[in-house]
Amino acid sequence: MSALLALLDNSLPVRVAAAGLLYVGLVGTVALVSVLAPTPERRRDARSTLSILIRWRRSK
């Protein structure tokens with residue numbers, strides 16, 4: 001029972017890591033589609049989606 005409680009207490013870092021991996025996978029997939037899509041419209045849509053997912057912020 002104590003092992004289960006320890007696992008539940010440490011579940012936040014696991015969830016954060018899983019969310020990070022999911023995000024990286026999503027961005028990678030969209031980046032591949034933006035390069036390999038068969039039509040220009042799909043490539044353009046994928047690039048605009050990629051620009052939404054990765055917002056570059058300028059430091060002031």
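# Reading a helix pair

Buried residues account for 12% of the 60 residues in this protein, and the model is a predicted one.

Visitor: Let me start with the overall layout. How many helices and strands does the protein have?

Guide: You will find three helices and zero strands. Followed along the sequence, the pattern reads α-α-α.

Visitor: Now to a pair of helices. At what angle do helix 2 and helix 3 pack?

Guide: Helix 2 covers residues 11-36 and helix 3 covers residues 40-53; they pack at about 150°, and their axes are 7 Å apart.

Visitor: Is that arrangement of helix 2 and helix 3 roughly parallel or roughly antiparallel?

Guide: The general idea is a cut-off: angles over 145 degrees count as roughly antiparallel. In this case, the angle therefore makes helix 2 roughly antiparallel to helix 3.

Visitor: And is the crossing of helix 2 and helix 3 left-handed or right-handed?

Guide: Here the two helices cross in a left-handed way.

Visitor: Which residues make the contact?

Guide: Helix 2 contributes Y23, L26, V27, V30, A31, V33, S34 and V35, while helix 3 contributes R43, A46, R47, T49, L50 and L53.

Visitor: How do the residues of that contact divide into nonpolar, polar and charged?

Guide: The contact of helix 2 with helix 3 has 10 nonpolar residues, two polar and two charged.

Visitor: Where does the backbone oxygen of A31 lie relative to the side chain of S34?

Guide: That oxygen of A31 is 2.7 Å from a polar atom of the S34 side chain.

Visitor: Next, V27. Where is its place, and is V27 buried or exposed?

Guide: V27 sits in helix 2. Its relative accessibility is 13%, so V27 counts as buried.

Visitor: Which residues does V27 touch, again not counting those up to four places away in sequence?

Guide: V27 touches L50, L53 and I54 on that count.

Visitor: How far apart are V27 and L50 in sequence and in space?

Guide: V27 and L50 are 23 residues apart in sequence, and their C-alpha atoms are 6.8 Å apart in space.

How values were computed. Residues numbered from 1 in each chain as written. Predicted model: local features only at pLDDT ≥ 70, side-chain atom pairs only at ≥ 80, totals over all residues. Heavy atoms only, no water. Axes fitted to C-alpha atoms, helices over the stretch in contact; angles between N-to-C directions. Helix = DSSP H or I, 4+ residues; strand = E, 2+ residues; numbered from the N terminus. Parallel < 35°, antiparallel > 145°, perpendicular 65-115°, else oblique. Left-handed = near helix turned anticlockwise from the far one by under 90°. Contact = heavy atoms within 4.5 Å. Nonpolar A, V, L, I, M, F, W, Y, C, P; charged D, E, K, R; others polar. Polar contact = N/O pair within 3.5 Å; in protein donor to acceptor, adjacent residues only side chain to side chain. Buried < 20%, exposed > 50% of the residue type's maximum accessible area, 1.4 Å probe, protein only.
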